[in-house]
Amino acid sequence: MGESLLTNIVQYLSQIDPFNNLPVEVVEELSTVVQITYLSSGEVIDPNKNTEDKYLYVIRSGSVEQRKLDGQLRSRLGSDDLFGYTFLSDAMEDESRYIVTALENSLLYLIPHSALIRLFEKQPDYQQYFASKAQVRLQTAHDVVWSDKEKGLFIKSVGDVCSKHIAVVTSDMTIKQVAHEMRVVLRSSCAVICENGKIVGLITDRDMTKRVIAHEAPLTDPISTVMTPNPFVISPDALVLEAVSMMMQHNIRNIPVIKDNKVVGLLTTSHLIQNHRMQAIFLIEKIKYCNSIAELSPLTSERQAIFEALVEGKVASETIGKVMSMIMDAYTRRLIQIAIDKLGSPPCDYNWISAGSHARNELNITSDQDTALILSDDATNSDKIYFRHLGSYVSNGLDRCGYPLCTGKFMAATPKWCQPIKIWKEYYKKWVANPEYDCLLNLSVFLEIRSIYGNAEFTDILRADLHRNIKENQSFLPALVRDAVNTNPPLGIFNSLVLEKNGDQTKVLNIKKYAINLIIDLARIYGLSVECDSSGTEARFKAANEAGVLSEDSYKNIIGAYHFIAQFRYSHQLEVLRKGGIPNNYIDPNNFGSFERQHLKDAFRIIADMQDGAKIRFGALAH
């Protein structure tokens with residue numbers, strides 16, 4: 001190979017994924033063994049055939065088409081695309097095999113797998129970039145593009161920042177004994193009180209001052225006489241942002257950190273003000289003290305600024321969704337409180353719920369409202385009129401605060417979605433028993449519900465009723481699967497066009513319709529099949545995996561695809577905002593580099609494979 005040609009190959013490979021992750025000297029070494037092949041239009045390569053060596057193929061110019069052994073189109077690839085990853089695996093599955101045909105005159109670089117294997121033996125860390133499994137390659141995309149640098153206190157976990165010094169005492173101990181345990185033994189400003197292994201109370205230094213010293217309480221009295229009963233607690237895995245939101249909402253300064261019903265730490269306000277400025281926290285605090293829609297609506301720009309900061313900071317997509325959902329929670333709660341101040345006290349028990357992406361804690365900057373009201377069964381017609389006024393006030397207020405009204409009118413302001421528990425039960429029974437288009441549409445919105453304000457037991461009652469109905473109706477999940485697989489992910493990005501499964505090509509990629517929604521639908525199916533109580537997409541897949549319904553490999557694949565696509569959408573929305581546009585879900589393939597094309601292709605294939613798996617697992621029930 002001539003020096004000039006070798007230099008050209010090195011320069012080219014160094015600029016495309018995954019070779020751009022390798023040191024230049026490694027790329028130079030691989031380039032020396034590159035073989036060059038020219039394919040005429042229509043010429044075929046069979047990468048499956050048994051030869052002494054197999055190759056990783058890099059398309060330098062031109063385009064090719066992959067078809068499975070049964071003739072089904074697998075993908076179309078263009079310049080800078082790679083194929084042959086699957087042949088690095090020792091065990092080839094039949095569904096991984098394919099034939100390659102040149103769609104036009106093409107120039108390919110072939111890198112022998114034997115050369116890659118030798119490289120991996122010397123540098124095992126490089127193997128992840130060339131993994132035969134898409135889930136591993138997708139993970140490297142997160143490692144490279146969205147690093148885990150310090151992103152601020154508010155997206156850390158409670159376990160990372162809480163104090164491990166906390167006194168744990170029993171309810172029959174005296175005030176004096178507890179004070180000694182707090183100050184002399186552990187030097188803790190707080191003690192958790194337990195009884196029969198359960199947490200029953202909390203006492204702090206301040207409480208001792210106000211309730212013991214100021215009132216001259218006898219030091220021989222049991223601590224239970226002055227403790228704060230039934231304290232709020234939090235998991236060490238929760239976000240600090242969640243803890244702070246809880247502190248502000250309930251005006252508390254200390255939260256015991258509990259794992260497996262044992263006290264493992266204490267989170268106090270002093271832990272949260274040391275070195276970091278938490279924008280999202282301050283916005284939630286501002287929302288809390290607004291007294292009108294006119295005061296709330298100007299805060300929209302701060303919400304957008306927080307979204308931009310989270311995306312720019314390379315924060316994990318699931319955290320971004322959760323933070324944005326918590327901010328909408330704060331807006332909704334405050335608007336409900338303002339409405340009650342204007343309308344008077346609610347005439348009966350109720351529960352304001354969110355649905356859709358808000359209920360899943362997966363909000364993005366384009367999300368609209370999906371809300372409803374569940375009323376107690378003793379609600380009268382006049383009670384319903386009150387709540388419709390409340391629903392209208394809050395819905396319009398959210399719209400003015402940057403959360404658009406739902407075009408399908410799935411809102412608490414709509415009379416149909418402001419009903420007693422018994423009516424909601426009838427809705428769910430009808431939807432599950434008759435999974436036709438209108439019923440599936442309604443159910444697709446309210447398959448995820450989360451309590452925002454009021455009696456949260458109402459949400460639990462409806463969720464349990466939904467699971468019972470599904471369990472009693474064996475035809476429902478197959479119907480949900482049939483509806484979910486009507487839309488297929490694209491096969492990939494080809495010549496700056498989106499290649500759809502039917503062979504058609506479009507100029508833009510609707511990332512919500514052809515990727516995000518498909519993953520959400522699959523999560524619903526698998527989550528409902530194991531009666532998962534969580535509405536979150538990841539939690540549903542995890543529950544199915546733990547129940548043995550979803551294999552570990554499939555679980556890792558779909559979670560990797562979901563993370564990549566969600567982060568990809570957030571990044572697109574940020575770019576649109578930077579240009580002064582209105583964020584959306586439509587992405588121009590002309591903006592994709594080889595990195596995006598390759599990882600999107602992996603993600604799309606994972607979704608398609610999982611759709612096929614769902615048809616096999618759940619579709620048989622329909623017969």
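In this predicted model, the second largest cavity is lined by 14 residues, and those nearest its centre are Leu447, Arg463, Leu466, Ser535 and Arg540. Its volume is about 70 Å³, and it lies between domain 3 (278–430 + 440–454) and domain 4 (481–618), because both domains give residues to its lining. The count of cavities of 30 Å³ or more comes to 2, and the largest cavity has a volume of about 180 Å³.

**Second largest cavity**

- Helix H17 (residues 457–472) supplies the largest share of this lining, with 4 residues.
- Sorted by class, the lining of the second largest cavity holds 8 nonpolar, 3 polar and 3 charged residues.

**Largest cavity**

- The largest cavity is lined by 15 residues, of which Lys68, Arg74, Leu491, Arg605 and Ala608 are the closest to its centre.
- Domain 1 (3–130) and domain 4 (481–618) both contribute residues to the lining of the largest cavity, so this cavity lies between the two domains.
- Strand S5 (73–77) and helix H22 (594–619) each supply at least two residues of that lining, and the largest share, 6 residues, comes from H22.
- By class, the lining of the largest cavity is made up of 6 nonpolar, 2 polar and 7 charged residues.

**Aromatic pairs and cluster**

- The structure holds 22 aromatic pairs, among them Tyr526 and Phe618, whose ring centres are 5.2 Å apart and whose planes stand at 80°, so that this pair counts as edge-to-face, the cut-off being over 60 degrees.
- Phe564 and Phe568 form a stacked aromatic pair, with 6.1 Å from centre to centre and 10° between the planes.
- Both Phe564 and Phe568 lie in helix H21 (residues 552–578), where they are 4 residues apart, about one turn of the helix, and both are buried.
- One aromatic cluster is formed by Phe410, Trp417, Trp424, Tyr427, Tyr428, Trp431 and Phe446.

**Charges over rings**

- The charged end of Arg60 sits over the ring of Tyr12, at 4.0 Å from the ring centre.
- The charged end of Arg303 is placed over the ring of Tyr403, at 4.1 Å from the centre of that ring.

Conventions:
Residues numbered from 1 in each chain as written. Predicted model: local features only at pLDDT ≥ 70, side-chain atom pairs only at ≥ 80, totals over all residues. Heavy atoms only, no water. 1 Å grid on protein atoms, 1.4 Å probe; cavity = no way out; pocket = protein on both sides within 12 Å on 5 of 7 lines; lining within 4 Å. Points joined across faces, edges and corners; volume = space filled by probe spheres on them. Nonpolar A, V, L, I, M, F, W, Y, C, P; charged D, E, K, R; others polar. Domains from an automatic or database assignment. Phe/Tyr/Trp six-rings, centres within 6.5 Å; stacked < 30°, edge-to-face > 60°. Buried < 20%, exposed > 50% of the residue type's maximum accessible area, 1.4 Å probe, protein only. Lys NZ or Arg CZ within 6 Å of the ring centre and 35° of its normal.
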